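Welcome! Please take a look at the structure below, and then we will walk through its pockets and its aromatic rings together.

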Amino acid sequence: MTFTTYLPRLKWQNAAPWFIAGCICLCSLFFAQSSHRLVVDEVAHLPQIQWFMEGRWELRQGLAMLPGYHLLVAALAALLGLDVEGMRATGVLFGLSAACAFYGIRRHLRDTHAIRSAALFFFLPVLYPYYFLIYTDVLSLALVLWALWSTLKSRHWLSACLLTASVFVRQNNVIWAGLLPAIAFWPELKAMVESRCMPAALRLVHKSMPYGVPVLLFALYWMWNGSISLSRNVAAGHPDLTIHTGNLYYAVFLCLLLFPVEACKGLRDFLASVKRMPWLVLLPLLLAFGGKIKGSPDNYAFTDYYVRNAMIEAIRHGGWPRWLFSVLTALAACGLSRTRFLHAQGWLIYPFACVYLGSSWLIEGRYAIIPLAIWMAFRVNAPDREEKITLCCWAAVSTLLGWIIFTGRLML
């Protein structure tokens, strides 16, 4: 198999979404490059990249993640002679790579509108602005999606290599080394548990061995470094082996904003299930009463600049903002739980997403990008009219968000 088999096979009549996306993306890129201010975490990432370009192989204090992203961007910048604006353009290339992988996944799952689905993914509002920032998130997403596609095509060693690369970009991607083999081998695992057959268990362990590589390397790194965070200076802000509900509730809230129609339809199905099983009414009640999001101390700063921090500040003091948020997210979670998937094991995204999101203390919308992308990759499409309206709305909202961020008004 050659690399070209991974590229979208476009027909001219289906190329319109990509052409429009490319035009909007170029306009956003030109606007981002006309802004010479560094945005939030770019202040931490850019100096590390510049050090690597200068041949200084030291790690800057305050860098929480492994420097895989910084090494790659430094290599591209040195090879192509890129400045800060050029480095921002590399994020667009990573975004297009992620969109190609997403298209491949949807095509593999026999989505007849895979091109449109990929365009919808490309304009995901919580993702789109990061194409133009010197941030690790888009490369991290692209590697995970390529790994997922490789798993679906039973190329498990390739998937393991891509997952390992993603761990060197963001350490918590090691969690997806559990999801991907679970998706690939769930029927065999279920049959093995039911039959209690030792030879079947050994065969399953042998098949899933590739996914042990990123887990093993992560464990060795953790033992050597003493914390998941690369820099000890910021380890307190990224505590190991702790569970926090803030990102879980915030991610559900984002899903409600992005997929309100699907959440409402799912809620209607959930309420129909309550009639048959009345005990299900306890689920939204428990979620609503547990709907407190506190976040880390960083979530209480600069509430006039960070949209999420302003919302967290209002919710954590209680009153009607807290109860409105709790009720909305509880109902949205029940509705979204009724999502239908193109892949039989699509439901596995939920437990792994909970672990992935719950392991982060700081509440950030971008932490929801990978779980949301995988969920979108597996979900059954909404009716054509809804998908088209959503695509148009997301393209407009994403472009607006890019303008707001690069004019220094707000940050997500």
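## Pockets and rings

The second largest pocket has a volume of about 550 Å³. A pocket here is an open set of points on a 1 Å grid over the protein atoms alone, where a 1.4 Å probe fits, with protein on both sides within 12 Å along at least five of seven lines; lining residues have an atom within 4 Å of a point. The volume is the space filled by probe spheres set on the points, which are joined across faces, edges and corners. This is a predicted model, in which local features need pLDDT of at least 70 and side-chain atom pairs count only at pLDDT 80 or more, while totals for chains, interfaces and linings use all residues. Residues are numbered from 1 along each chain as its sequence is written, and side-chain values use heavy atoms, with hydrogens and water left out.

Of the 22 residues lining this second largest pocket, Leu248, Val252, Ala333, Tyr350 and Cys354 are the closest to its centre. Two or more lining residues come from each of α11 (246-258), α13 (282-289), α15 (319-336), α16 (349-358) and α17 (369-378). Helices are DSSP runs (H or I, at least four residues), numbered from the N terminus.

The largest pocket holds about 1,100 Å³ of space. Among its 44 lining residues, the closest to the centre are Ala64, Arg170, Gly237, His238 and Tyr367.

How do the two linings divide? In the table, Ala, Val, Leu, Ile, Met, Phe, Trp, Tyr, Cys and Pro count as nonpolar, Asp, Glu, Lys and Arg as charged, and the others, Gly among them, as polar.

| Pocket | Lining residues by class |
|---|---|
| Largest pocket | 25 nonpolar, 12 polar, 7 charged |
| Second largest pocket | 20 nonpolar, 2 polar, no charged |

Now for the rings. The whole structure has 22 aromatic pairs. Rings of Phe, Tyr and Trp (its six-membered ring) pair if their centres lie within 6.5 Å; planes under 30 degrees apart count as stacked, over 60 as edge-to-face and the rest as tilted. Tyr131 and Phe132 are edge-to-face, at 6.1 Å centre to centre with 80° between the planes. The rings of Phe253 and Phe325 have centres 5.5 Å apart and planes at 45°, so this pair is tilted. Phe253 belongs to helix α11 and Phe325 to helix α15, 72 residues apart, and the pair links these distant parts of the chain. Both Phe253 and Phe325 are buried, meaning under 20% relative accessible area with a 1.4 Å probe, protein chains only.

Key
Buried means under 20% relative accessible area, exposed over 50%, partly exposed in between (1.4 Å probe, protein chains only).
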